[in-house]
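The report below goes from the whole chain to a single helix and then to the sheet. Please keep the sequence and the structure in view while reading.

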Amino acid sequence: MKAKLSAIALMFCVSASAHAWNTETHRRIVIDAVQFMKANPGITNYAKLQAGVTRAGYTIEQFAQALGQGAVDPDYFADTYICGSTTGFCESSPLWGALTIARYTSYWHFQNHGAGRDVHGNPFGGYDYSKNPVRGDIDNLAVTWLLNDYLDDGPGGMSGWFGDGTKYNTYGKTEANYRLGGYSTPAMYGDFQTMPFQPIDNLAQHFWQQFLAQPSAQTLGFVMHSTDLLQPHHTWSTSGMNHSGWEQWVDSYYYTEKLNDPALVKAALADFTPLSPTQVDIRPLLTQGGTYSYKYGSAVLYSTDHGDRVNVARKMVPHSIAMVVHILNRAAERL
């Protein structure tokens, strides 16, 4: 128990904001994508986007803000509970909920390009400690704390030695939403150290399908959380390896280093295959973003040098904005 308390204390100190682009970075990327479309109507679907937004009763600025907030929100979902193998208590974050940022829901925000096809049938799986290509301090601290703990699968499912403290049925709700026809069993989520979390492109596809069925800025914003695919730690699948420090650096230098340079965004558009006006499955586009960050972003896992970070950020942020532009070009057909 003492070792576990020491591990979680260290996790608290170094990772309270880990697991995704920082809140403001997510928001800025989406707002910058809308502004890029507004400034470049000849090469984007801005006219249709503006028409749809106007019909919905928004100004384009209000829409961008609502979309940006939606892109932030998935980091705060209270939809993922992991339960103690001994106690059976189920919680949504370390320290029994004391960390309001680093929630277990963040484990759905990865696409592991170091392991390939997963047990669910996805071309690339999500976070899976046993298959991660690299493991940093936070990964190892988490597996120490959560060793043999299981995913909440509702009343009558898995339990700890001393009972079943189910709170949400994450397997039957969250995992089921992100399964998208793939293969899963509760037993796959019986031990944290081998849990094959669904990848973030499935999260985005789930909310994209909701958007297509009933368009809203909120659900479309949830889709945009998939820009985590351009955060290299999310495709190298690690919570450590300078993860939090890199994201804080991007937040701090977003404007001073001109990471959102429109010229870089325009060039980045060409690195994606555009979605067709009727395309239903957007995951191929998202995977292109993940492939790019895995190929060109690994330096920030190993280096904190300012120059190295600038070099990577001036690739990843413009490609994040460009990916959002491509999604919005398609979304404009439905608004």
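## Burial and overall form

Of the 335 residues in the chain, 57% count as buried, meaning under 20% relative accessible area with a 1.4 Å probe and protein chains only. This is a predicted model, in which local features need pLDDT of at least 70 and side-chain atom pairs count only at pLDDT 80 or more, while totals for chains, interfaces and linings use all residues. Residues are numbered from 1 along each chain as its sequence is written, and side-chain values use heavy atoms, with hydrogens and water left out.

A compact globule of 335 residues would have a radius of gyration near 20 Å, and the chain, at 19 Å, agrees with this; the radius is taken over C-alpha atoms, and the rule is 2.2 Å times the number of residues to the power 0.38.

## Helix H13

The chain has 15 helices and 3 strands, which are DSSP runs (helices H or I, at least four residues; strands E, at least two) numbered from the N terminus. Within helix H13 (residues 283-296), the buried residues include Leu285, Leu286, Gly289 and Tyr292. The buried residues of H13 pack against helix H8 (200-213), helix H10 (232-235) and helix H15 (306-331).

## The sheet

The 3 strands form an open sheet in the order E2-E1-E3, with antiparallel pairing, where two strands pair if DSSP finds at least two bridges between them. Its edge strands, E2 (90-91) and E3 (150-151), each pair on one side only. Strand E1 (residues 82-83) and E2 pair over 2 bridges, and the bridge partner of isoleucine 82 in E2 is glutamate 91.

How values were computed
Expected span 1.5 Å × (residues − 1). Buried < 20%, exposed > 50% of the residue type's maximum accessible area, 1.4 Å probe, protein only. Contact = heavy atoms within 4.5 Å.
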